[in-house]
Each structure stands twice: as C-alpha cells, then as structure tokens.
Amino acid sequence: MQRHPVSSTNLASVGYDLPSQTLEVEFNSGSVYQYFDVPEHVHQELLAAGSVGSYFARSIKNSFACSKV
C-alpha cells in the first residue's frame, strides 16, 4: 500500500485502500499498523485534521481492529 507523508510528531505516513477499507499508519518509530474497516470519510478527516496525531488518537487508535505489519 502506498503511504503519503503527514506532518505529525507521532505519525510519519498514512495510506488507505478503499476496496478493503484498510488504513495503514507508519509511526515515527518505524512501526507500521493496519486498521481495518475504516470508512473513507475517517481517512479524509485524518488527512484534513489540524493535528493528525490528535485525530488519530481520538478517532482511530482504539476504535478499529488493527494488526502490526
């Protein structure tokens, strides 16, 4: 999955696969996680957020099943 850099103190890049609704997040530590069944609007809101890290922590981190890649 292709990821795009984001401006965040915690996240390095974000990618999204629409057919599977999978959000892939690379952290500045180098860890990569995939979050499942994430609606497209959540991905768009993440990219548009004033603070990507805060939006991620508030709306994604504990709201969707995930797996470390």
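**Reading salt bridges, core and rings**

User: How many salt bridges are there?

Analyst: The count is two salt bridges. Keep in mind that this is a predicted model.

User: Which residue forms a salt bridge with Glu24?

Analyst: Look for a side-chain nitrogen of Lys or Arg within 4 Å of a carboxyl oxygen of Asp or Glu. Here the partner of Glu24 is Arg3. Their closest N and O atoms are 2.6 Å apart. Now place the two residues on the chain. Glu24 is in strand β3, while Arg3 is in the segment before β1 (4-5), so the bridge ties together parts 21 residues apart in sequence.

User: Is Glu24 buried or exposed?

Analyst: The cut-off for buried is under 20% relative accessible area. Glu24 has 5% relative accessibility, so it counts as buried. Arg3 is at 28%, so that residue counts as partly exposed.

User: What is the other salt bridge of Arg3?

Analyst: Arg3 also pairs with Glu26. The closest N and O atoms there are 3.5 Å apart. Glu26 lies in strand β3 and Arg3 in the segment before β1, so this pair ties together parts 23 residues apart in sequence. Glu26 counts as partly exposed, at 23% relative accessibility. Read the bridges together: shared partners join Arg3, Glu24 and Glu26 into one network.

User: On to the inside. Which residues have the most contacts inside the largest nonpolar core?

Analyst: A core is read as buried nonpolar residues joined through their side chains. The largest one here has 16 residues. Leu11, Leu23, Tyr35, Leu46, Phe56 and Ile60 have the most contacts inside it. Then ask where the core comes from. At least two of its residues come from each of β2 (11-17), β3 (22-27), α1 (40-48) and α2 (52-59).

User: Which residues is Leu46 in contact with?

Analyst: Set aside neighbours within four places in sequence. Leu46 then contacts Val14, Leu23, Val52, Tyr55, Phe56 and Ile60.

User: Next, the rings. How many aromatic pairs are there?

Analyst: The count is three aromatic pairs. One of them is Phe27 with Phe56. Check the distance and the angle: 5.5 Å centre to centre and 75° between the planes. Planes over 60 degrees apart count as edge-to-face, and this pair is edge-to-face. Phe27 sits in strand β3 and Phe56 in helix α2, 29 residues apart, so the pair links distant parts of the chain.

User: Why is the pair of Tyr35 and Phe56 edge-to-face?

Analyst: The ring planes are at 80°, with centres 5.5 Å apart, so the pair is edge-to-face. Tyr35 is in strand β4 (residues 32-35) and Phe56 in helix α2, so parts 21 residues apart in sequence are tied together. Tyr35 is buried, with a relative accessible area of 4%.

User: Which residues form the aromatic cluster?

Analyst: Phe27, Tyr33, Tyr35 and Phe56 form one cluster.

User: What does the side chain of Thr22 make a polar contact with?

Analyst: The partner is the side chain of Ser20, at 2.9 Å. Then list the surroundings. Not counting residues up to four places away in sequence, Thr22 touches Met1, Gly15, Tyr16, Asp17, Gln34, Tyr35 and Phe36.

Key
Residues are numbered from 1 along each chain as its sequence is written. This is a predicted model: local features need pLDDT of at least 70, side-chain atom pairs count only at pLDDT 80 or more; totals for chains, interfaces and linings use all residues. Side-chain values use heavy atoms; hydrogens and water are left out. A nonpolar core is a set of buried Ala, Val, Leu, Ile, Met, Phe, Trp, Tyr and Cys residues joined through side-chain atoms within 4.5 Å. Buried means under 20% relative accessible area, exposed over 50%, partly exposed in between (1.4 Å probe, protein chains only). Helices (H or I, at least four residues) and strands (E, at least two) are DSSP runs, numbered from the N terminus. Contact means heavy atoms within 4.5 Å. A polar contact is a pair of N or O atoms within 3.5 Å; within protein, one must be able to donate a hydrogen and the other to accept it, and residues adjacent in sequence count only if both atoms are side-chain atoms. Rings of Phe, Tyr and Trp (its six-membered ring) pair if their centres lie within 6.5 Å; planes under 30 degrees apart count as stacked, over 60 as edge-to-face and the rest as tilted.
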